[in-house]
Amino acid sequence: MQHVELPPDGSPFDLPGARLRYFQHFFNTEEAAHFYQTLYETIPWQQDPITVFGKTYNQPRLTALHANNTHPYTYSGITMHPQKMTPELTQIYDRISAVSSVTFTSVLLNLYRDGKDSNGWHADNEKELGKCPVIASVSFGAPRFFHLKHRTQKESRLKILLHSGSLLLMEGETQEKWLHQIPKTAKPLSPRINLTFRKII
């Protein structure tokens, strides 16, 4: 796994076929704690069954979908229908708008309850997202490692520790050329909430 020095806040990583920008302190400590607690207590979390290679099991995390429209979102055979945007989600979106010109319509939320919860290798490249989608990923709660690997260049890998209150912007051809995951860990961890804002066409 490649270890690189983090560029200055908001500066792009030097990666082939990808554009990543990371803001480690996008929300301050108090803001991050407030949003974490509010979302943890008020979001209607659910655990959907997922089928992989013919076997069905519960996703190793809880999820929710919120949007400012009624467009569903389908991934890994799961179709989610959105709830309305909450005031807190709207506040977070308004802050992201300061560094991204994309008009996001929806946010997929993931609650990782402990180190056993995870998200396997994938790309956010569903047809509803269009070509070269921009994904804005916000983290609250326990820090978790975020892994990336190039689809064809085996030596091109990256690991980033996503801190509470951080924002990671995935732009350009990132979803076409790269895969990403949140791996399991045996370390005892408290919960983490991740919000991925996206534009569903």
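Biologist: Where does Cys132 lie?

Modeller: Cys132 lies in the loop between E9 and strand E10 (135-141). Helices (H or I, at least four residues) and strands (E, at least two) are DSSP runs, numbered from the N terminus. This is a predicted model, where local features need pLDDT of at least 70 and side-chain atom pairs count only at pLDDT 80 or more, while totals for chains, interfaces and linings use all residues. Residues are numbered from 1 along each chain as its sequence is written, and side-chain values use heavy atoms, with hydrogens and water left out.

Biologist: What is the phi of Cys132?

Modeller: Phi is positive, about 50 degrees, although Cys132 is not a glycine.

Biologist: How many bridges join E9 and E14?

Modeller: Two, in the antiparallel sense, with E14 covering residues 178-182. His122 stands opposite His180 in E14.

Biologist: Is His180 buried or exposed?

Modeller: Its relative accessible area is 4%, so His180 is buried. Among the residues in contact with His180, leaving aside neighbours within four places in sequence, are Trp121, Phe146, Leu148 and Met170. Contact means heavy atoms within 4.5 Å.

Biologist: With which side chain does the His180 side chain make a polar contact?

Modeller: With that of Asp124, at 3.4 Å. A polar contact is a pair of N or O atoms within 3.5 Å; within protein, one must be able to donate a hydrogen and the other to accept it, and residues adjacent in sequence count only if both atoms are side-chain atoms.

Biologist: Switching to helices. At what angle do H1 and H2 pack?

Modeller: About 140 degrees for helix H1 (residues 29-42) and helix H2 (residues 87-96), with the axes 10 Å apart. Axes are lines fitted to C-alpha atoms, for helices over the stretch in contact, and angles run from 0 to 180 degrees between N-to-C directions.

Biologist: Which residues meet there?

Modeller: Glu31, Phe35, Thr38 and Leu39 in H1 meet Glu88, Leu89, Gln91, Ile92 and Arg95 in H2.

Key. Two strands pair if DSSP finds at least two bridges between them. Buried means under 20% relative accessible area, exposed over 50%, partly exposed in between (1.4 Å probe, protein chains only).
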